[in-house]
Amino acid sequence: MDERTCCAIAEFLSALSNPTRIRILCALFANERCVGEIAGEIGLSQAHTSSHLRVLYDRGYLSRRREGKKVYYGLRDSRIPKFLSAAGKIAMESVPGYRK
(Lines give C-alpha, C1' and ligand atoms only; values in the text may rest on other atoms or scores of the structure.)
Protein backbone atom coordinates (compact mmCIF):
# COMPACT_ATOMS: atom_id res chain seq x y z
CA MET A 1 0.00 0.00 0.00
CA ASP A 2 1.40 3.41 -0.89
CA GLU A 3 2.14 6.21 1.57
CA ARG A 4 -0.73 8.42 0.39
CA THR A 5 -3.27 5.64 0.94
CA CYS A 6 -1.83 4.87 4.38
CA CYS A 7 -2.12 8.54 5.36
CA ALA A 8 -5.72 8.71 4.11
CA ILE A 9 -6.62 5.61 6.14
CA ALA A 10 -4.98 7.02 9.27
CA GLU A 11 -6.86 10.31 8.89
CA PHE A 12 -10.15 8.52 8.25
CA LEU A 13 -9.71 6.21 11.26
CA SER A 14 -8.60 9.00 13.60
CA ALA A 15 -12.24 10.06 13.99
CA LEU A 16 -13.01 6.67 15.51
CA SER A 17 -10.58 7.08 18.41
CA ASN A 18 -13.46 8.47 20.50
CA PRO A 19 -16.13 5.96 21.65
CA THR A 20 -18.83 8.67 21.53
CA ARG A 21 -18.30 9.05 17.79
CA ILE A 22 -18.71 5.32 17.29
CA ARG A 23 -21.95 5.45 19.28
CA ILE A 24 -23.16 8.29 17.06
CA LEU A 25 -22.43 6.27 13.94
CA CYS A 26 -24.30 3.29 15.40
CA ALA A 27 -27.28 5.56 16.16
CA LEU A 28 -27.44 6.36 12.46
CA PHE A 29 -27.35 2.78 11.15
CA ALA A 30 -31.11 2.63 10.46
CA ASN A 31 -31.85 6.14 9.18
CA GLU A 32 -30.88 9.79 9.29
CA ARG A 33 -31.66 11.74 12.44
CA CYS A 34 -31.52 15.28 13.74
CA VAL A 35 -29.02 16.42 16.35
CA GLY A 36 -31.57 16.38 19.18
CA GLU A 37 -32.56 12.77 18.46
CA ILE A 38 -28.95 11.64 18.36
CA ALA A 39 -28.10 13.55 21.55
CA GLY A 40 -31.07 11.98 23.35
CA GLU A 41 -30.04 8.47 22.33
CA ILE A 42 -26.42 8.79 23.37
CA GLY A 43 -27.09 10.88 26.48
CA LEU A 44 -25.09 14.01 25.64
CA SER A 45 -26.01 17.66 25.26
CA GLN A 46 -26.85 18.88 21.78
CA ALA A 47 -23.78 21.12 21.80
CA HIS A 48 -21.45 18.26 22.70
CA THR A 49 -23.12 15.98 20.15
CA SER A 50 -22.81 18.66 17.46
CA SER A 51 -19.06 18.94 18.00
CA HIS A 52 -18.67 15.19 17.48
CA LEU A 53 -20.94 15.29 14.43
CA ARG A 54 -18.75 17.97 12.90
CA VAL A 55 -15.66 15.78 13.23
CA LEU A 56 -17.47 12.82 11.68
CA TYR A 57 -18.81 15.00 8.87
CA ASP A 58 -15.40 16.54 8.19
CA ARG A 59 -13.80 13.07 8.00
CA GLY A 60 -16.35 11.87 5.46
CA TYR A 61 -18.48 9.55 7.59
CA LEU A 62 -21.67 11.62 7.47
CA SER A 63 -23.93 13.47 5.10
CA ARG A 64 -26.16 16.28 6.33
CA ARG A 65 -29.14 18.25 5.19
CA ARG A 66 -31.07 21.14 6.65
CA GLU A 67 -34.83 21.06 7.01
CA GLY A 68 -36.06 24.33 8.49
CA LYS A 69 -34.12 24.88 11.70
CA LYS A 70 -33.11 21.23 12.06
CA VAL A 71 -30.02 19.59 10.62
CA TYR A 72 -30.31 15.90 9.79
CA TYR A 73 -27.30 13.60 9.65
CA GLY A 74 -26.99 10.25 7.96
CA LEU A 75 -24.25 7.82 7.02
CA ARG A 76 -22.49 8.87 3.84
CA ASP A 77 -21.54 5.30 2.94
CA SER A 78 -23.71 2.21 3.41
CA ARG A 79 -20.59 0.11 4.14
CA ILE A 80 -19.97 1.85 7.49
CA PRO A 81 -22.17 -0.53 9.58
CA LYS A 82 -20.33 -3.59 8.21
CA PHE A 83 -16.99 -1.85 8.71
CA LEU A 84 -17.78 -1.06 12.37
CA SER A 85 -19.16 -4.54 12.97
CA ALA A 86 -15.95 -6.11 11.64
CA ALA A 87 -13.82 -3.68 13.67
CA GLY A 88 -15.84 -4.54 16.78
CA LYS A 89 -15.31 -8.27 16.31
CA ILE A 90 -11.58 -7.84 15.78
CA ALA A 91 -11.30 -5.51 18.79
CA MET A 92 -13.24 -7.83 21.11
CA GLU A 93 -10.98 -10.72 20.12
CA SER A 94 -7.72 -8.77 20.21
CA VAL A 95 -7.71 -5.96 22.76
CA PRO A 96 -6.58 -7.05 26.23
CA GLY A 97 -9.32 -6.53 28.78
CA TYR A 98 -12.09 -6.96 26.21
CA ARG A 99 -11.37 -10.48 25.00
CA LYS A 100 -14.21 -12.90 25.49
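Student: What should I know about the model before I start?

Tutor: The model is predicted, so local features need pLDDT of at least 70 and side-chain atom pairs count only at pLDDT 80 or more, while totals for chains, interfaces and linings use all residues. Residues are numbered from 1 along each chain as its sequence is written, and side-chain values use heavy atoms, with hydrogens and water left out.

Student: In which sense do strands E2 and E3 pair?

Tutor: Strands (E, at least two residues) and helices (H or I, at least four) are DSSP runs, numbered from the N terminus. Two strands pair if DSSP finds at least two bridges between them. Here E2 (residues 62-67) and E3 (residues 70-75) are antiparallel, with six bridges. Ser63 is opposite Gly74 in E3.

Student: How many salt bridges does a search of the whole structure find?

Tutor: Side chains of opposite charge can pair when their charged atoms come close. The criterion is a side-chain nitrogen of Lys or Arg within 4 Å of a carboxyl oxygen of Asp or Glu. The search finds five. One of the pairs is Glu11 with Arg59, whose closest N and O atoms are 3.0 Å apart. Glu11 lies in helix H1 (residues 3-14) and Arg59 in the loop between helix H4 (46-58) and E2, so this pair ties together parts 48 residues apart in sequence.

Student: Which residue meets Arg65 in a salt bridge?

Tutor: The side chain of Glu32 does, at 2.4 Å from N to O. Because Arg65 lies in strand E2 and Glu32 in the loop between helix H2 (19-27) and strand E1 (33-34), the pair ties together parts 33 residues apart in sequence. Arg65 is partly exposed at 35% relative accessibility, and Glu32 is partly exposed at 32%. Glu32 and Arg65 also belong to a network of salt bridges with Glu67.

Student: Which residue forms a salt bridge with Glu41?

Tutor: Arg33 does, with the closest N and O atoms 2.3 Å apart. Glu41 is partly exposed at 46% relative accessible area, whereas Arg33 counts as buried at 17%.

Technical notes
Buried means under 20% relative accessible area, exposed over 50%, partly exposed in between (1.4 Å probe, protein chains only).
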